[in-house]
Amino acid sequence: MRTSMLRSLARRTSTAGTRRGFASESAPDRKVAILGAAGGIGQPLSLLMKLNPLVSRLALYDIAGTPGVAADVSHINTRSEILGYAGEEQLGKALEGADVVIIPAGVPRKPGMTRDDLFNINAGIVKSLCTAIAKYCPHALVNVISNPVNSTVPIASEVFKKAGTYDEKRLFGVTTLDVVRAKTFYAGKAKVNVADVIVPVVGGHAGVTILPLFSQATPSANLSSEEIEALTKRTQDGGTEVVEAKAGKGSATLSMAYAGAIFADACLKGLNGVPDVVECSFVQSTVTDLPFFASKVRLGKNGVEEVLGLGALSDYEKEGLEALKPELKSSIEKGIKFAHA
């Protein structure tokens with residue numbers, strides 16, 4: 001999607017007098033629902049998903065403000081039909097028939113606020129939305145963006161278990177922004193083309209639980225241990241960097257929307273049978289002794305086709321892996337406890 005989507009966009013906008021066909025107009029009909037579409041992440045995410053030719057119907061839902069967002073985005077001359085829904089009474093209609101549901105709903109992080117400070121508000125929102133997903137589109141692939149992902153994904157799993165609809169292959173915590181940041185920061189330090197960079201990021205999606213595996217990065221670069229440590233720290237603190245730069249006026253919304261669109265595109269490609277679609281995601285896992293863990297995942301027609309192992313780790317990464325486990329375990333347990341409250 002990174003280049004192909006933008007290339008197709010450029011082709012269409014450069015031929016002002018003609019309507020060019022999509023390369024994927026023969027692709028299956030796919031409905032994507034965005035829950036929280038009027039928010040800071042939701043609006044740019046709605047735009048990016050409108051540009052994706054794999055989407056035939058795009059349902060935009062929020063508690064308020066969605067008719068305006070839907071009207072705005074609907075004027076863009078791409079394949080998908082836009083439907084806007086506002087208020088809890090319209091949530092069911094937004095979800096019915098969805099193949100992929102993306103959840104950026106919730107409050108953003110503000111300066112001085114930890115991801116745990118977000119917990120009570122966002123946990124309740126995710127619990128409520130997942131209850132509706134279980135009722136109206138129980139077989140959809142669910143992409144959870146709402147923080148803290150380390151807790152909201154376990155909450156979602158427990159809601160689905162209670163409803164009798166849980167399928168661990170169809171629930172994802174979106175950690176793609178950690179990968180996007182790791183690629184960007186690595187490319188800058190290694191002086192390589194960022195478009196060619198691959199960096200797996202494992203663990204969780206908050207602070208020290210984020211573990212970029214720079215020893216596995218390609219193209220390889222001879223970086224010092226100090227440089228690797230600095231890159232790791234910057235990747236872990238990327239969200240804080242943006243919160244502080246925005247000086248109380250927001251969090252990482254644009255880069256998160258991009259990352260969310262990348263991961264949703266991967267899910268759609270997997271559903272459509274494209275082979276070897278691999279992205280990192282926070283999923284139910286046996287890769288470690290923790291019940292949920294982010295690692296590389298092969299996506300397919302049923303969601304998760306295979307959760308891939310960690311591969312060879314450097315000593316620094318092995319230490320990081322052990323160091324992140326207590327915090328990640330605690331966050332997972334916190335989510336499960338909240339779901340049963």
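A polar atom of the Asn-122 side chain sits 2.9 Å from the backbone oxygen of Asn-147. A polar contact here is a pair of N or O atoms within 3.5 Å; within protein, one must be able to donate a hydrogen and the other to accept it, and residues adjacent in sequence count only if both atoms are side-chain atoms.

Before going on: this is a predicted model, where local features need pLDDT of at least 70 and side-chain atom pairs count only at pLDDT 80 or more, while totals for chains, interfaces and linings use all residues. Residues are numbered from 1 along each chain as its sequence is written, and side-chain values use heavy atoms, with hydrogens and water left out.

Asn-122 belongs to helix α5, residues 119-136. Helices (H or I, at least four residues) and strands (E, at least two) are DSSP runs, numbered from the N terminus. Is Asn-122 buried or exposed? Asn-122 is buried, at a relative accessible area of 1%; buried means under 20%, exposed over 50%, and partly exposed in between, with a 1.4 Å probe and protein chains only. Leaving aside residues up to four places away in sequence, Asn-122 touches Gly-106, Val-107 and Asn-147, contact being heavy atoms within 4.5 Å.

Pro-148 is in the loop between β5 (141-144) and α6 (149-163). Another cis bond joins Thr-218 and Pro-219, with omega about -5°; Pro-219 is in the loop between β8 (210-212) and α8 (225-236).

Most residues other than glycine have a negative phi, and most peptide bonds are trans. Lys-191 has a positive phi, near 55°, and lies in the loop between α7 (176-190) and β7 (201-203). Lys-191 counts as exposed because its relative accessibility is 73%. Asp-276, not a glycine either, has a positive phi of about 55°. Its relative accessibility is 61%, so Asp-276 counts as exposed.

Where does Asp-276 lie? Asp-276 is in the loop between α10 and β9 (277-284). Just after α10, Gly-273 has a positive phi of about 90°.
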